[in-house]
Amino acid sequence: MSGPSPSGSPPDILELAALLCSRVCHDLISPVGAIVNGLEVLDDNPKPDDREFALDLIRKSAKTASARLQFCRLAFGAAGSAGAQIDVGDAESMARGHLEDDKTKIAWNLPRELLPKNKVKLLLNMMVIAQQTIPRGGVLTVDPVHAGETGGFRVAATGLNVRMPQAIADLLSSGPIGSVDAHAVQPYYTRLLAQACGLNVVLAPDGDAVVVTASPP
């Protein structure tokens, strides 16, 4: 993946684009690689049990890759023309397809409505950050903060061994930004989206949860 920005400075536009591309590729390498492995097993004329295992691996990995591509297109990509609005219900479907599994569930408490593109992108990126705080799984609870065009979101993560990643909290804060590499670009991009929406985004512990909040200044 791409290295950090030079001299401890924030990335410029071209470097930010490159870092985000690296992030997307990193998310897709695993399921696509599994598909290739499954096809290689089939090419070796396997026994029936091995053939069924390979086909099952290909099916699951193709479904995972598709879900991640759809999510990344909305969370990181253009997803419509400038000034476009996106259905929050579509964002919920993308989030469930990418983030929900046997260990992690989503409690979605947002009304179905059209919101500006950048605000929906902000929400999805907040959910990615929240998921990183519960490595052993748990629940992501998504709530609105205020209402109307100036409203924001609250994503609370609860689960076993919930952890507070201070490095991510620092990247989200309004303080100075140092080096940004492909691992740090996603929270940095979340901060930029919040600024574009006129919101402040904060990651902080709250009792037994870690909460990502985007709210008006």
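A residue counts as buried when its relative accessible area is under 20%. The close-up views below show a predicted model.

**View A. Gln186, a buried residue of helix 6.** Gln186 belongs to helix 6, which spans residues 185–196. With a relative accessible area of 0%, Gln186 falls under the 20% limit and is therefore buried. Leaving out residues up to four places away in sequence, Gln186 touches Arg23, Phe76, Asn125, Val128, Ile129 and Gln132.

**View B. Ala184 in the loop between helix 5 and helix 6.** Ala184 is located in the loop that joins these two helices. The relative accessibility of Ala184 is 14%, so this residue also counts as buried. Ala184 and Gly38 are 146 residues apart along the chain, and a separation of 32 Å is found between their C-alpha atoms.

**View C. The crossing of helix 1 and helix 2.** Two packed helices are described by the angle between their axes and the distance between the axes. Here helix 1 covers residues 13–43 and helix 2 covers residues 48–75. Their axes come within 8 Å and cross at roughly 160 degrees. Since angles over 145 degrees count as roughly antiparallel, helix 1 and helix 2 are therefore roughly antiparallel to each other. The crossing of helix 1 past helix 2 is left-handed. Sorted by class, the residues in this contact comprise 16 nonpolar, 3 polar and 4 charged.

**View D. The contact of helix 2 with helix 4.** Helix 4 consists of residues 117–132, and its axis comes within 8 Å of the axis of helix 2. The two axes cross at roughly 125 degrees, and helix 2 and helix 4 are therefore oblique to each other. Helix 2 contributes Phe71, Leu74 and Ala75 to the contact, while helix 4 contributes Val120, Lys121, Leu124, Asn125 and Val128. By class, 6 of the residues in this contact are nonpolar, 1 is polar and 1 is charged. Among the residues on the helix 4 side, Asn125 and Val128 are also touched by Gln186 of View A.

View E. Helix 3 runs over residues 88–99 and includes Met94. Met94 has a relative accessible area of 22% and is therefore partly exposed. Apart from neighbours within four places in sequence, Met94 is in contact with Gln70, Phe71 and Leu74. Of these contacts, Phe71 and Leu74 also take part in the contact of helix 2 with helix 4. The C-alpha atoms of Met94 and Gln70 are separated by 6.6 Å, although the two residues are 24 residues apart along the chain.

**View F. Met127 and Trp108 in the largest nonpolar core.** In soluble globular proteins, nonpolar side chains tend to be buried together. The largest nonpolar core of this model has 53 residues, and Trp108 and Met127 are those with the most contacts inside it. Helix 4 supplies the largest share of this core, 9 residues. Setting aside neighbours within four places in sequence, Met127 is in contact with Ala95, Leu99, Ile106, Trp108, Leu140, Val142 and Val155.

View G. Phi of Asn161 is near 55 degrees, a positive value in a residue other than glycine. The relative accessible area of Asn161 is 51%, and the residue is therefore exposed.

Key
Residues numbered from 1 in each chain as written. Predicted model: local features only at pLDDT ≥ 70, side-chain atom pairs only at ≥ 80, totals over all residues. Heavy atoms only, no water. Axes fitted to C-alpha atoms, helices over the stretch in contact; angles between N-to-C directions. Helix = DSSP H or I, 4+ residues; strand = E, 2+ residues; numbered from the N terminus. Parallel < 35°, antiparallel > 145°, perpendicular 65-115°, else oblique. Left-handed = near helix turned anticlockwise from the far one by under 90°. Nonpolar A, V, L, I, M, F, W, Y, C, P; charged D, E, K, R; others polar. Contact = heavy atoms within 4.5 Å. Core = buried A, V, L, I, M, F, W, Y, C linked by side-chain atoms within 4.5 Å. Buried < 20%, exposed > 50% of the residue type's maximum accessible area, 1.4 Å probe, protein only.
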